[in-house]
Amino acid sequence: ELMRLLTESGVKVLEGTSVSEFSYVPPPGADDEYIEMKLNDGSTMQTDLFFAATGRYPVGKNEETGLESAGVEVADRGMVGIDKKTLATSSKNVYAAGDVIGPPALASTSMEQAQRAVSAMFHEGDDDVTKDANHDDPLSIGVWTIPEMGYFGLTKEQAEKEGYSVVEGTARFDQCLRGRVFAPDGLCKLVVDEKEGTVLGCHLIGKEAAEMVHYGMALVKAGTSIFEILQTVYTAVTFHELFKEAALDANSKLDFGVEWQEIFAILQAECDVDFSEDYLREKFDSIDEDGSGELDEEEMGALFGAMGRTVSKRIIANIMRLSDTDGNGTIDFGEFKAIFDKIGCPAVEE
């Protein structure tokens with residue numbers, strides 16, 4: 001999406017490209033001349049301006065700072081080493097916070113670090129004021145580009161690497177009224193745990209992305225499910241409606257989406273039976289009197305009754321509609337068992 005928006009804005013992106021040589025650099029004042037460069041693929045390019053992102057680093061090793069003479073250990077790149085809990089340095093009574101201790105080197109994180117350092121400085125007694133602090137906690141990221149970007153939590157690749165099976169729900173900015181009118185270009189994406197429906201990551205490109213990412217962060221940190229998002233009424237003509245659209249898209253990719261939640265709640269109301277395959281097969285076969293291996297709607301109602309579950313005709317009709325994956329109007333044992341595989345009631349303890 002970002003590459004598409006950049007291309008439509010007239011930006012040409014050369015991936016995997018670097019400058020191997022500057023063939024000609026105009027002297028100061030020669031504004032009508034161009035810089036000539038040779039690229040790593042052998043081609044040449046002319047441009048009127050060249051920016052190089054070389055990064056930045058603290059100047060802790062600069063003797064003018066006096067850090068080393070004060071006994072503060074300074075790394076090769078000039079960053080000050082700290083205790084990640086208390087922000088204490090290697091020198092007694094010297095604490096450090098902000099850019100000098102290295103990434104992420106942001107104003108917001110620097111303020112939090114300074115507050116934690118001051119708390120540690122004046123701490124008295126047995127209570128550990130830093131026990132809940134985690135210096136490496138993930139942060140919500142806002143990128144102030146055109147278009148803006150924001151993200152928090154896991155990407156699909158990161159989630160799968162951590163053992164999750166996930167789906168992605170996406171919504172284009174023009175899927176909400178505010179986006180359609182004021183800023184149609186952009187994307188809201190939620191990374192969702194396929195098993196539980198919880199939001200694991202939020203990724204945004206578009207207008208106000210660096211603002212909206214904080215709501216995405218709240219969803220991830222609270223373990224909010226897309227089913228809860230779908231039950232939330234969002235103020236009309238706001239960009240936050242995109243989260244509901246993205247949740248709807250993710251829901252459409254789940255085997256057991258929001259329509260199943262009421263059914264599961266009813267079937268789990270008294271989860272006092274071990275729904276083993278043998279138990280389910282015994283109950284299924286007892287209702288399947290003609291031995292067809294298929295149950296119609298009336299027989300499904302009788303089956304749940306035999307299992308001690310009083311289920312309304314409306315719920316039975318929904319089960320038939322949602323479970324009948326082959327569309328033949330009946331439910332076979334595999335389709336029936338899949339419902340209880342998802343419920344996963346624990347075995348009864350003797």
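Guide: Two strands pair if DSSP finds at least two bridges between them; strands are DSSP runs of E with at least two residues, helices runs of H or I with at least four, numbered from the N terminus. This is a predicted model, where local features need pLDDT of at least 70, side-chain atom pairs count only at pLDDT 80 or more, and totals for chains, interfaces and linings use all residues. Residues are numbered from 1 along each chain as its sequence is written, and side-chain values use heavy atoms, leaving out hydrogens and water.

Visitor: How do you know that β4 pairs with β5?

Guide: DSSP must find at least two bridges, and 3 join β4 to β5 (residues 149-153), so these antiparallel strands count as a pair. Val143 has Met149 of β5 as its bridge partner.

Visitor: What makes β4 an edge strand?

Guide: The open sheet has 5 strands in the order β4-β5-β8-β7-β6, with antiparallel pairing. Both β4 (141-143) and β6 (166-172) pair on one side only.

Visitor: Which strands does helix α5 touch?

Guide: Helix α5 (residues 209-221) packs on the sheet and touches β4, β5 and β8 (199-206), contact being heavy atoms within 4.5 Å. Its direction makes about 175° with that of β8; angles run from 0 to 180 degrees between N-to-C directions, with axes fitted to C-alpha atoms, for helices over the stretch in contact.
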